[in-house]
Structure formats: C-alpha cells, structure tokens
Amino acid sequence: MKKRAPSRRTPLPASSEWTLEAIDRYHEEIARVAAEFGLDTYPVQIEIITAEQMMDAYASVGMPVNYHHWSFGKQFLSTEKGYRRGQMGLAYEIVINSNPCIAYLMEENTLTMQGLVIAHAAYGHNSFFKGNYLFRTWTNADAIIDYLIFARNYIAECEERYGEEEVELLLDSCHALMNLGVDRYKRPPKLSLAKEKLRQREREEYLQGQVNELWRTLPVQEVQQDTGGRRRFPAEPEENLLYFIEKHAPLLEPWQREVVRIVRKIAQYFFPQRQTQVMNEGWASFWHYTLLNRLYDEGLLADSFMLEFLQSHTNVVYQPPYNSRWYGGINPYALGFAMWQDIRRICEEPTDEDRQWFPDIAGGNWLEVFDFAMRNFKDESFIAQYLSPKVMRDLRLFAVLDDEREDTLEISAIHDEGGYRRVRAMLSEQYNLGSREPNIQVWNVDLRGDRSLTLRHQQYQRRPLGDTTDEVMKHIARLWGFTVRLESVDEDGGVELLDEVRNEKRRNHNGD
Amino acid sequence: MVRIIDRRFDSKNKSAVNRQRFMRRFRHQIRRAVSEAIQGRSIRDLDNGEQVSIPARDLSEPHFQHGRGGVREQVYAGNDQFSSGDHVRRPLEGGGGSGQGKASNEGEHEDDFVFQLSREEFLDLFFDDLALPNLVRTQLARITDYKTRRAGFTADGTPANINIVRSMRGALGRRLALGAPWAARLREVQRELEKLIAAEGEDGEGVQALREEITRLRARIEGIPFIDSFDLRYNNRVKVPIPSTSAVMFCVMDVSGSMDEEKKSIAKRFFMLLYLFLTRSYEHIDVVFIRHHTVAKEVDEDEFFHSRESGGTVVSSALNLMHEVIMDRYGGGQWNIYGAQASDGDNWDNDSPVCRQVLDGHILPWCQHFAYIEITPGEPQNLWREYERLLGSHRNFAMQRIETPADIYPVFRELFKKTLV
C-alpha cells in the first residue's frame, strides 16, 4: 500500500466562519491524528448550540437534562447577567462524560475555536473520561443521561403529587449535604434507567421496612444483648451523610428517600470531576496543543489558524503571579498543561535532575507513561508523583504558612533545592478533597432515647467550621426529623458541642 | 464515527422553569427590591426592566465549609522576592494597589445578588394582585363582538354575494370545455368545405351536406347554456370574533390657581400609573386630557401638565365636556372608558351637587371605572362629600385622598384592589 505523503492532503478550510462541512473535515483530521497517538475515546457527538442554550446548559450544571430547582434558576440569572453585560465570556465548550461523549460547540465560535474545542473536548477530555480510574469507578457514562431523565421525571412526579414547595424544601436540604453524599471508598453500583425503575418500588418498600425495624418497640432479646454496654449506632462512623439519611432517617416517606438518593447519585457523578481538575484540564490542553501542532506540521492548517489558536491557547494556560490583579489561585489549566508537557520532556530529553527525581520514567516511552499516569491518578497523587523541580521553578511556586496565632505569614518553602519536596507536598495537599472540605461524619444515633443524631467534625489544622454551619444543621434536622447535634473534636481529642438543632416535630409536621 | 447535530433551532429557555422557580421563591425579596426601585426612578420610565439586587445571604446555598482561622499552608505562583523563612505581613495578595485583596478561597463575598428583571417581570411584580376593574365582565362581553372577514369564494351563498367575474370566468371555461369536440369537428368540416368549394365550385357534390353539418354543429355549440347554476361563485365571508382591545382614558385635572406644581406632579404620576396599568390590558389606548378652572378645555399632553391658569373652579364644566367627548367620539359601546380625575378638592360650592349628578347620570354608566383623587393635606372639601354619596350606588367609582408623592402607590393599589365582579 502506498503511503500518502502529508503534503498530498488538502489543507483544511481557513476562513473564520464555520460551516458544518468544515467542522466535519476538522473533526475527521483531528480524529485521525488522535488515533495515531493512540487516544482511546468514546464515540463523539458534536452538538452546535447558541449562546442562550449554553447558558441553559450552565444553569443545569452542564447536563443536557436535569430536574428543576430554583438554584439552577439563580445560576442562570447570574450567568445571563454576566454575559449580557460582557463581563464574562461563556466557555467555548461544555463536554459531557457520557457515551457517546457529547461536546457542545457554541455557534459564536470562529472556525479556529471550533477546531480547538473539538481537539480539547472531544478528544482530550473524552479520552480522560474513558481512561481515568476515578471516572471508571464512580461514573457510568452509558447510563448517566438515562438516569438524569429518570431523576427529572421522578421529581416532577413527586412535585405533582406532593406539591412543588414540599419537594423544593427537601431538595434544598439535600443540596446542602451534597458534598457529604459520597462514598469515598466503596465502588457505587451501576446506574441504569431500566433497573432503577424496576427496583425503585421494591426499594421503597424494603427501605421503609428496614427503618421501621430500627424504631420498632424493642423486643426483649435485644435489650438483653445490650446490657454489656452502650452500643453506638452506626457501629462505625459513617462519612456518607446522605446515604445514612436515606437509609435511616426515621420520618422520611419512601418518595423522600428516593429524592435523597437521586441527589446522592448525582453528587457521586460529579465527584471525580472535583478531584481531577488539574489533570483533566491539563490533559485536554496538552492534547489540543499536540494534535493541532501535528496537523500544522502536516501542512493542513493555515498560519492564520495557528495564530488565532495560539493566542487563545496562551490565554488559557497563563498563570498570573500572586501579586497580580488577576490572580485567582493556581490556574489548573496552567499547572496541568505544564506538568503534562514536562512529563513528555522528561521522557524525551531527560536531564540529570530528572534522572535523579524520576528514574522510572526518564528516557521512557512518553505515550506509555502518559497512559499510565492518566489512568491511575487523581490531582492529589498526580502532583505528589509527577510535579518536577523544573515546573516548580518555571511557575515560581512557593508555599506560605498562615497560622492565625502568629502575627505574620511565613514563607515556608520556595522553588529551591531545600523547598521542592515541601512545595510539592503542600500543593498536593491543597488538592486533597479530604483536607479541603471539613471532615464531618455520623457518630451516633440515640436509639433508646430521643432519637437524636450526633455528628462529629474532626478538626484539621485547628480550622473552625464556617458560618454557614448552623444553616446546614437546620437542613439536616429537617431531614432527620429529630434533634441533631454537631460536635467538634480537636487535635488533642477534646470534644466540644458546636451546635444543636432541636426538632420535636413529628410526621405530618416536619418540613415546616 | 461522529455525529454532528445542529441544535440551534431546538427549544431555548430550558431554564425558564428554573427561573420561574427562583422568582417564586424569592418573591418577597424581589418585590421589596422592586418597590424600592420604583421610588428611586421616574414614573416616566416605569415601563422598563429593572436591575434588582437581593442580599446574597437570603439565597445562599449553605454547605459545610472551613471558616477562617487555624493553620493553613498554601502554594502560590510567581515568587518574585521571597526566600524560605521570610516573614511577611497579611495579606499576601492584593499587592496591586488597592490593598483590599481578594478574600481567601473560603471567605464568601457578602455581596448582593444582582440580576436583571425583564420589563414584563418587573411590571408583573408591580401590578401583582391588582386587576383591571370589571375586566372580567368586559372579557366575557368581548366574545360577542364579531368582524366579518373575506375568506375566498364558495359555491353557494346569497345572491347579494355573487362574484360576477368569477362566475363568468367559470361559465366561459365550462362552455369552452363542453363545446370542444364540436368546435374541433366544426373547424375540420369548414376546411373540407373550403377545399371542396375550391375544387368543385359552389355547386359541388357534398357541399350542401357539409353546410348542413356546420349549421348543426353551430346549433349544438350554441345550445350549451351560457351560464349555469353550477358556475356561480359567491364571495365568502367568515365571522371572526374580535377582542375589544381599545380603551380611552380621560384625564381630568383642575388647573386653577390653588393647584400648585407639586399637586400637579402628584396628579401626573397618578395618570401615568393608570395609563401603564391600562396598557397591560388593552392594545390601543386613547388618552383625552381635559383641564379646567372655571371653563374646561380639551388640550394636548404638554399643555395639560405645563400651563398654568388662575382663577376659580367649576368642576362640572370638565365633567360636561367629558360627557360630550364620550358621546361624540367614544360612544357605541366599542370603547372601554376609564376616567381619572385629580383635584385639590376646591370647587365652587353650588357646583358640587351638579358634579355628582353629571357623574351619576351621564358618565358613570359609560365608564368601566372612574377614579377620583383629592390631593390635599387638609380636611375634605364639599366635592369630596358629594362624591362620597356616589360610592354606595356605583361599584365602578372609587375615590382616595393623597398627600405626598409617597402615597401614590398605596393609593393606586387601594383603588384597583382586586374586586370580585
């Protein structure tokens, strides 16, 4: 078979206006190059939408369908305001972790931007979704759209039956606990529309039965068992508050349990995204950069295309310094892109320093190293494993220690020989969800007494809880239906009662 | 394999429901913000959208999060001056002059949540739980108004509606079609006849026979009816119900010496508000301005508000003029008539009973609603007392007293409070 010389391909269209045919051609070439690099992706579905539809998508956390809730309306209003006044541009793309992978292209983009977005979203993010272990574990790309449809219909049905207000209050409470609705260590079962529907009725009855069992007037033998000492329930602290409430809240109706479950499942779906921002955005940026450069080398892209592309690429991966007006923390695109570029460099042109820091990968096959890294890490571990001294020097990273008991801030480490490890460890810690968010777990339920629920906050670095705590506690009390207490455990193990919401209301009265 | 789907023409406003939910949930806060906004802006541009801000606290979605304090070690980018072990003052960021710096990641900004209400949403809130008086009745009555409209042609109808051109054209077509075979034969026979005559002369054999056939064919063709009932076409007219969407609003104002600028401006706002309210229900609104002192005059808007007169007051002159205008231009039940009268209550004593009679007998029966506002800080005057006697017998009459511009809005609501009809 005769190998086609690159120069014999017809160059891609270079106008700034896009057409469907042009998008199709760009996609074809990008897909070809992506396959040459061995990117494994879900099939791609490209959808062209207007700015208004993009705002709609924003409002429903990027999903094409979602249940209705005022908070999405709030999101929409603020997006709309920002956009209308030109304070904020809309993202060029939204990509959905589903199978097929749906990438939205905005109508207003130029052809260059469409090409960039196809490479970035439809091949970069797409392959990450398909390969990364967190996404493989926590999300089910085949079923998510179906599940969202199920969720929307179910909640609409509840609204019809029990009133919009009732459902809205319940959702408010669930949303408040959304971040605490994830099993971090267990693999969640697969979602599927058919199964969900089939089993939902069954589950309702079963769950209600379970709960009743828990609160039944206690039979004699259990009392005897208990004489040995006070048992806690749950025996082990439970980190998944929504799960605990779904299974054990005494006063919830079956439909309310189902709604709690829906919020929990959706929270779980977004859980990996929160943990892989740097990796994922960096990966996608690396690939749009690499794929489009390859096409340019093959002579398919016009210079005008490259200039526009490079300009927006540079904007995206720019890291403003700490004292700039534009500084908003570490830019995940910048950090991620720099790291992936650097890993490739370590493989292809290792220095002595690299050999010393990364003996395993220095001089290795970069595609294999990439594949391994993409599949098996999240931000926290990715940084701990791969952040090289060179990247720290390039971004001039430094760590600042802020102890409220001290008058001044201390620069604890900078990008020098003595500081590399500490900066790296600190940055990795910064992306550890476990330390970013307060650690609050279910500690005990007073089964014998007033059925009160006790939560415990394990303090981290003496950080107190924020001032929204009492609001959240009210939400928990609404779900639980009885008194809820929050205790705080400091680093020395001392326990202190932080907050208590009394709730003596009974069934029919809860939900104020 | 790629699928490219063009969704641009799919339904927009997927978030409309969420937006409505948001509005419903924060109705109270939004309404409060709207009332404040109304006080702040001129009545003239009431008819625009409004930027509304509600305290972000009210609509926060709380989560457990870390508060300030404790130990925190953070990594920053772009080191330009520090080495390890340096001590620096708080805050680290915000070197860019202003010194305020962005709050750290955990600290939520306590800013207001600001968003744009559309014009419709703004006015809906503004007019919330107001209803056009007696509107229900008018709406029910509306359906009886029909308008006939042309709708092509039909094959049956009344003789008065015959469309002659169409009918004749049809008849001609029919005659041509029915006569076609004979006409063709006729032409053929004529050609044969000419040939025969040319060859054999007038007396040739068969000429006679051909002539006879021609005569026969002509008779046949002529035997086709010139016009048939089948040909008749009638103009078709259909009845379309038309909503009666025209209203006329009478603004009656006292411009005598006792009405100072401030009182006039209050009156003006009242008229504006009423006008705006009517635009919600009617497509087309005429406004008639009648000003009066001792004599009444119909004027244009500018003159109405801006010219000054002096002298006494005879209110009935204005009411009589209004009655005349109604009879003259807005009679016949096609118009929804609204009246709004503003005065400081001063009137020539003997005139007040006359005013009541005119209203009672000549104006109120025609009006959907008539509102009287008396702009005075003092005791009610005789006109007020006379008008009070109308309240019992006319449901479409309302009156209120206003002292300051701040009273307008509540009064307005009071005047047009939802009434069950």
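User: Why are α2(A) and α3(A) called oblique to each other?

Analyst: Start with the angle: the axes of α2(A), residues 51-59, and α3(A), residues 70-84, cross at roughly 140° and come within 8 Å. Axes here are lines fitted to C-alpha atoms, for helices over the stretch in contact, with angles from 0 to 180 degrees between N-to-C directions. Under 35 degrees is roughly parallel, over 145 roughly antiparallel, 65 to 115 roughly perpendicular, and the rest oblique. So α2(A) and α3(A) land in the oblique class. Before going on: this is a predicted model, where local features need pLDDT of at least 70 and side-chain atom pairs count only at pLDDT 80 or more, while totals for chains, interfaces and linings use all residues. As for the labels, residues are numbered from 1 along each chain as its sequence is written, and chains are lettered from A and ligands numbered from 1 in the order in which they are written.

User: Which hand does the crossing of α2(A) and α3(A) have?

Analyst: It's right-handed; that word applies if the near helix is turned clockwise from the far one by less than a right angle, and left-handed if anticlockwise. From α2(A), the contact uses A51(A), M55(A), Y58(A) and A59(A), and α3(A) brings F72(A), Q75(A), F76(A), T79(A), E80(A) and Y83(A). Contact asks for C-beta atoms, placed from the backbone, within 7 Å.

User: What makes β4(A) and β3(B) a pair?

Analyst: Pairing takes at least two bridges found by DSSP. Six join β4(A), residues 398-403, to β3(B), residues 71-76, and the two run antiparallel. One place to look is V400(A), whose partner in β3(B) is Q74(B). Chain A also meets chain B in the parallel sense, with five bridges between β1(A), residues 44-49, and β1(B), residues 2-6. There I48(A) partners D6(B).

User: How many bridges hold β4(A) to β5(A)?

Analyst: Four, again antiparallel, with β5(A) covering residues 409-414. F398(A) stands opposite I414(A), and A399(A) has A413(A) as its partner.

User: Why is β5(A) described as largely enclosed by the rest of the structure?

Analyst: Five of the six residues in β5(A) pass, so the strand is largely enclosed. Helix α10(A), residues 241-248, gets that description too, because seven of its eight residues are buried. Among them are L241(A), F244(A) and H248(A). Over chain B as a whole, 27% of the 421 residues count as buried.

User: Why do β10 and β13 of chain B stand at the edges of their sheet?

Analyst: Follow the order of the six strands in this open, mixed sheet: β10-β9-β8-β11-β12-β13. β10 (296-299) and β13 (397-402) each have a single partner strand, so one side of each is left without a neighbour in the sheet. From one strand to the next, the twist averages 20°. Inside the sheet, β11(B), residues 336-343, and β12(B), residues 367-375, pair in the parallel sense over seven bridges. A342(B) faces I373(B) in that pair.

User: Which helix lies across β8, β9, β11, β12 and β13 of chain B?

Analyst: That's α7(B), residues 261-279, running at about 165° to β11(B). Helix α9(B), residues 315-329, packs on the sheet as well, touching β8, β9, β10 and β11 and making about 150° with β9(B).

How values were computed
Buried ≥ 20, exposed ≤ 12 C-beta atoms within 10 Å, placed from the backbone. Contact = placed C-beta atoms within 7 Å.
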